[in-house]
Amino acid sequence: MNDSTMSPLRLGTRRSKLAMAQSGQVAEAVRELTGRPVDLVEITTYGDTSREHLAQIGGTGVFVSALRDALLAGEIDFAVHSLKDLPTAQPAELALAAIPVREDPRDALIARDGLTFEELPDGARVGTGSPRRMAQLNAWARTLGRRIETVPVRGNVDTRIGFVEKGELDAVVLAAAGLTRIGRIDEATQLLSPDVVLPAPGQGALAIECVAANAHLVASLAELDDPVTRAAVTAERSLLAALEAGCSAPVAALADLQVDEQVVEMHLRGVVGTLDGSTLVQLSTTGHVPASLDDESVPLHMGRELAVEMLAKGAAGLMGERAH
């Protein structure tokens, strides 16, 4: 056994409390799997330091590129990302070695006085930095005959919940998975049904990435992969990629898999809407995925097909065509 098999693996992570919590959980799993020590290497990303709203700095990729640069430079051995932060195009030099079992993909409401969304007063101020959430929350309020004011917020979970505690906002909406990973899910006053607020593609899932040329590490990390989660998020991200090409509106998607003995049925839902919630394009499709789940062509195809239908139903026109 040479020294490299026992030298610590370096896991690159963002510095936020949530990133450190989820990276720590992966580090523990990798330690058990490989018998090697794992050191967390904290890396500051542009998304962490920028004071701009996420919608302005592009959202996707701002938390990822610094970690990927460190991987390619050999400063870290592997990285843990929130899958929803990953751009849909995967660089050839990097392998998405594992997508572990997904945490709850839903959004969570944390409101003052223990209120649910239906109980919020007319004109309630609801904090979220996500155009996807804004569109669906505004649409939901309309169906209740009410109006809410969506307020863009940045900052970590503590900061966002603090806006509610200080009375600056009536509620904030956060990913349930993040709250669970830092032990604060009990503070949610309501878990939002995907029937009213569909999550972001890949929400609740983690991505473990390493350099593709390191075949031994790719194979080791692949032990943490969950085929059901991978199939679901592959369909969701395929939908997102196809819509991104023709539409700049916020995209939501969720795939549910019913695993039977021989057949796996996938139900994929997608939503695109205007920020004010006045127009939503909501469609779904159901298909059968090979029971082995190792063939990604079916989820990829389902995502693309649903995107084509959504574009045909007017998704592209909701916020204007993207300039090509």
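## Two paired strands

Two strands count as a pair if DSSP finds at least two bridges between them. In this predicted model, strand β4 and strand β10 are joined by four bridges and run antiparallel. On the chain, β4 covers residues 94-98, while β10 covers residues 206-211. To find one spot where the two strands face each other, look for Ala 95, which stands opposite Cys 210 in β10.

How many of the residues of β4 are buried? Five of its five residues are, and the strand is mostly covered.

## A pocket to explore

Next, let us visit the second largest pocket, which holds about 310 Å³ of space. Its lining is made up of 14 residues. Thr 88, Thr 234, Arg 237, Glu 296 and Leu 300 are the ones that lie nearest the centre of the pocket. By class, the lining has six nonpolar residues, along with four polar and four charged ones.

Which helix gives the most to this lining? That is α9, with seven residues. Helix α9 spans residues 227-246, and α10 spans residues 297-312; each of them supplies at least two residues of the lining.

## A closer look at Gln 190

Our last stop is Gln 190, a residue of strand β9 (residues 190-192). Is Gln 190 buried or exposed? Its relative accessible area is 14%, which is under the 20% cut-off, so Gln 190 counts as buried.

The side chain of Gln 190 makes a polar contact with the side chain of Glu 118, at 3.0 Å. Leaving aside residues up to four places away in sequence, Gln 190 also touches others, including Asp 107, Leu 109, Phe 117 and Trp 140.

Technical notes. Residues numbered from 1 in each chain as written. Predicted model: local features only at pLDDT ≥ 70, side-chain atom pairs only at ≥ 80, totals over all residues. Heavy atoms only, no water. 1 Å grid on protein atoms, 1.4 Å probe; cavity = no way out; pocket = protein on both sides within 12 Å on 5 of 7 lines; lining within 4 Å. Points joined across faces, edges and corners; volume = space filled by probe spheres on them. Nonpolar A, V, L, I, M, F, W, Y, C, P; charged D, E, K, R; others polar. Buried < 20%, exposed > 50% of the residue type's maximum accessible area, 1.4 Å probe, protein only. Polar contact = N/O pair within 3.5 Å; in protein donor to acceptor, adjacent residues only side chain to side chain. Contact = heavy atoms within 4.5 Å.
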